[in-house]
Amino acid sequence: MFKRSDQESRQSVHIVVDGVTVEAREGDTVSAALLVCGRDVRRATAVSGAPRLPYCMMGVCFDCLVTIDGVGNRQGCLVLVADGMQIEIQMGKREIDR
Amino acid sequence: MSATPMRESYDVVVIGAGPAGLAAAATVSEAGLSTLLLDENAGPGGQVWRAITSTPVTQRDHLGVDYWAGADLVEAVRSSSAEIIQRATVWSLDRHLEVGVSVGGASSLVKSRRVILATGALERPFPIPGWTLPGVMTAGAAQTMLKSSGLVPDGPTVIAGQGPLLWLLAAQILRLGGRIDRILDTTERRNYLAALPHAFAFMTSPYFAKGFAMMREVRAKVPVVTGVSELAAAGDGQLATVTYVSGSRRETIPAELLLLHQGVVPNVNLAMASGIEHRWDDLQLCWSPVLDRDCNTSVEGIAVAGDGAGIGGAGAAVVRGRIAARAAVEALAPAAAAKVAPMATFRASLAQAERGRNFLDTLFRPAPQFRIPTGDTIVCRCEEVTAKDILDVVAIGATGPNQLKAYRRTGMGPCQGRLCGLTVTELMARARDKTPQEIGYYRLRAPVKPITLAELAAVPKTAADVEAVVRG
């Protein structure tokens, strides 16, 4: 769906998506890193379980909700990646204590 | 840059570090007022100048001169005494000018003598069949990824809609080596005639030459279909095709990515939740705050500047930020106002910056069928409520968006109406044969962004706060 521009020269960082290590670049948001990683990163909505991907990438639509380092319902488009960050694609509602 | 506000109170709190917020913060802090600039993004720039201090796109002409125009203002704020906090989510603002802000999962309340809201714009909802499918995004979303991460589409890609941003995005994608298979232009043919009386002002504005050069650049590389009057996305759990109608021709084309855009509208959530009066704008088809000449709102001490005050573009936003800032300086430290350029200078710059805007607003006024959906098309993305669901509720007596909430939870999901509010107002207005002004909008309240109860409970409280709610 997306590829990186050949002007890319930022440092690479590694995040873990559902247990699989994926390369991202410093300064990527979690959502951008997921959209370019080539894996199926569709979440499931809390209401019907319908598959979704980020829609606005600017913090207003909440279709990028994702579990980051064990905390659910984070807006992936507003959080920058960090080395070793643990990402889980959120299927349905946020769970209590997560 | 700091993690949480260093003080309990400031002369001026500016919310949003886009063109208006940066200009406002630079101006008030240069006049010597204590200034706090709060912004939700990782770096300054807002949407127009997103990632201006960090973009991996090194070839400057790929993003264009209007993008790099923000660099000086960012530098001005950074070298001023203003305190800047990035990744700060403001979730509350009240009539006492107390700002609730969340930084790194912890919230605090900050007092202010004046507040300048510069929360900008968001993309107008584009509720077509299939717009919730993975692979359908806003043009702004693609542009955000392009600026901040240098990402461009590389599969079958369709861009649909209208307005200057659409052409700018297309040009940027092509310059960076991305793929666009087709552009579907939804501008209504009758709008060309309606916009004609404003053409002279437009042709003598800076938009004109830039706009046409960009359209030429894009048209040389991408097939453009004009007069598109119907649009639908389809696929099984993922976008697979886009169907459109232009004149008597209906066509279905394969697509992995569909980028939608029909203009931007003020992001009103925080302003409305703080009690600021808004009115329906019949030309821009959105809610705008009621303002005086100095950007002051109906709430004493709160001003709105930038596109949040009605869409005017980045140039106008910078000037409106300075006007609101000068008004704040005049109110709080009249002696320091001499350090700021006179209001008359700003007003002349504003008139210049707004030149051509009427033409753009009229030409790119989105068509009714792309604003007011029918049948099974989803209106509220969060609660998954369709146009038919809403019309059914109108039929049994719901009078406006707030009654609708009780029936269908429309607007009560995490986005808090940002992606459905305008659609709901217009849909109900049409169904009930009323004006959008008569139908009204969701009653918005803090927190305007979701925060956890634990975070709310952990906000530092005074003895008086506790006494106010504890019995006996």
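Modeller: A term to begin with: two strands pair if DSSP finds at least two bridges between them. Strands (E, at least two residues) and helices (H or I, at least four) are DSSP runs, numbered from the N terminus. This is a predicted model: local features need pLDDT of at least 70, side-chain atom pairs count only at pLDDT 80 or more, and totals for chains, interfaces and linings use all residues. Residues are numbered from 1 along each chain as its sequence is written, and chains are lettered from A and ligands numbered from 1 in the order in which they are written.

Colleague: OK, chain A. What is the order of the five strands in the open sheet?

Modeller: The order is β3-β2-β8-β6-β7 in chain A, and the pairing is mixed.

Colleague: Which are the edge strands?

Modeller: They are β3 (20-25) and β7 (71-75) of chain A, and each pairs on one side only. From one strand to the next, the twist averages 40 degrees. Angles run from 0 to 180 degrees between N-to-C directions, and axes are lines fitted to C-alpha atoms, for helices over the stretch in contact.

Colleague: And how many bridges are there between β2 and β8 of chain A?

Modeller: Two, in the parallel sense, between β2 (residues 12-17) and β8 (residues 86-88) of chain A. Val16(A) has Gln86(A) in β8(A) as its bridge partner.

Colleague: New topic. How many residues of chain A are in contact with chain B?

Modeller: 36 residues of chain A are in contact with 40 residues of chain B. Contact means that the C-beta atoms of two residues, placed from the backbone, lie within 7 Å.

Colleague: Which element of chain A gives the most to that side?

Modeller: β1(A) gives the most, with three residues. The elements giving two or more are β1 (2-4), α1 (30-36) and β5 (51-52) of chain A. By class, chain A's side has 18 nonpolar, eight polar and ten charged residues. Ala, Val, Leu, Ile, Met, Phe, Trp, Tyr, Cys and Pro count as nonpolar, Asp, Glu, Lys and Arg as charged, and the others, Gly among them, as polar.

Colleague: What does β1(A) pair with?

Modeller: β1(A) pairs with strand β9 (residues 151-153) of chain B, antiparallel, over three bridges. Phe2(A) has Pro153(B) as its bridge partner there.

Colleague: On to chain B. Which strands form the open sheet of three?

Modeller: The order is β13-β14-β15 in chain B, with antiparallel pairing. β13 (228-234) and β15 (249-254) of chain B are at the edges with a single partner strand each, so one side of each has no neighbour in the sheet. The twist there averages 15 degrees from one strand to the next. β13(B) and β14 (residues 241-246) of chain B are joined by six bridges. Ala233(B) is opposite Val242(B) in β14(B).

Colleague: How many residues of β16(B) are buried?

Modeller: Six of its six residues, and the strand covers residues 257-262. A residue is buried if 20 or more other C-beta atoms lie within 10 Å of its own, exposed if 12 or fewer, and partly exposed in between, with C-beta atoms placed from the backbone. Leu257(B), Leu259(B) and His261(B) are on one side of β16(B), and Leu258(B), Leu260(B) and Gln262(B) are on the other.

Colleague: Which strands run parallel to β16(B)?

Modeller: One is β8 (residues 136-138) of chain B, joined to β16(B) by three bridges. Another is β10 (residues 157-162) of chain B, joined to β16(B) by six. Val136(B) is opposite Leu258(B), and Ala160(B) has Leu260(B) as its bridge partner.

Colleague: Now a helix. Is α6(B) mostly covered or uncovered?

Modeller: Mostly covered, with nine of its twelve residues buried. Trp167(B) and Gln172(B) are among them. α6(B) is followed by Gly177(B), whose phi is positive, near 85 degrees.

Colleague: At what angle do α15 and α16 of chain B pack?

Modeller: About 105 degrees, with their axes 10 Å apart. That makes α15(B) roughly perpendicular to α16(B). Angles of 65 to 115 degrees count as roughly perpendicular, under 35 as roughly parallel, over 145 as roughly antiparallel and the rest as oblique. Asp389(B), Ile390(B) and Val393(B) in α15(B) meet Leu404(B), Tyr407(B) and Arg408(B) in α16(B).

Colleague: Last one. Why does Arg293(B) count as exposed?

Modeller: Because Arg293(B) has 10 C-beta neighbours inside 10 Å. Arg293(B) lies in the loop between β19 (286-289) and β20 (302-304) of chain B.
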